[in-house]
Amino acid sequence: MISSQRQHLILSRLRTRGAVRITALSKELGVSAMTIRRDIADLSDKGLLKRVHGGAVSTSALLSEPLFSVKSQMDIGLKDAIAHEAVQYVAPGDVIAIGGGTTAYVFAQHLLESQQASGITILTNSIPVAELVQALESKDVEVIVTGGVTTRSNSLVGPIADKVIASLRVNTVFLGTHSVSIPRGFLMPNSLEAATDMAMMGIADRTVILTDHTKWSCTSLSLFARFDQVDTVITDDGLDHESIAKTRDLVKELVLAHQSEHTEESE
């Protein structure tokens, strides 16, 4: 398959999925990861897609986002490192909220495998997180689901979700983000999801944002949190020095998680 044919297929996959992974395309097309990277770089130079860590997203990602099933396969090592750090912000018996998105989902996986999960209650608008808790053999963890309208990221949002959230109170809320904008704050492509994230922050004593370093190079439509509204940002140590310095000036606490093992996607 020649370069133009590969690039046409990459764009076709982006139109249907919203995002693609280098490793998956390499296997599908029977070429090296380096060849796919060159194709993605060429398409990026033409403005036809946006390069991200481990793959690419559609240039329409400003207004929409990839399906949960696609995003869950991207930047896995980074999400694991962030989740490992985030677990330390939960104590047994806590009442916490977990937002939508794949980074928050990986955090929930790590949390439920830890001692900190003992006796906790989780409020969530994430269908995958709720299913994760329900699948536990132990009934030591209680889950409360907000209800609402589903998004592409399998989150529940909208007035129903916001009303349920407003009637409750949690110790800490853990939220993902689609992009980080300095000095504006944290953004989502879905305005309803942004509003629901704001509602969760409004009932929490502490807000923790979980996001990998690639989100500093993205942009989105709807702001849901300013830096001064967030207590802790947990990201990975791939964030560049300039962004680290600027973020530390804006947020109360910045935690850099160390990724101990680098997969092919992080090359």
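Arg169 and Asp205 pair up in a salt bridge, their closest N and O atoms sitting 2.9 Å apart; the term covers a side-chain nitrogen of Lys or Arg within 4 Å of a carboxyl oxygen of Asp or Glu. This pair ties together distant parts of the chain, 36 residues apart: Arg169 lies in the loop between helix H8 (159-166) and strand E9 (170-175), while Asp205 belongs to strand E12 (residues 204-210). Helices (H or I, at least four residues) and strands (E, at least two) are DSSP runs, numbered from the N terminus. Asp205 comes out as exposed, at 52% relative accessibility. Here, buried means under 20% relative accessible area, exposed over 50%, and partly exposed in between (1.4 Å probe, protein chains only).

The model is a predicted one, so to speak of local features takes a pLDDT of at least 70 and to count side-chain atom pairs takes 80 or more, whereas totals for chains, interfaces and linings use all residues. Residues are numbered from 1 along each chain as its sequence is written, and side-chain values rest on heavy atoms, with hydrogens and water left out.

Across the whole structure, the search turns up eight salt bridges. One of them joins Arg13 to Glu28, with 2.4 Å between the closest N and O atoms. Again distant parts of the chain are linked, since Arg13 is in helix H1 (residues 3-17) and Glu28 in helix H2 (residues 22-29), 15 residues apart. Glu28 is partly exposed, its relative accessible area being 38%.

Asp42 and Lys46 make another such bridge, with 3.5 Å separating the closest N and O atoms. Asp42 is partly exposed at 29% relative accessible area, whereas Lys46 is exposed at 51%.
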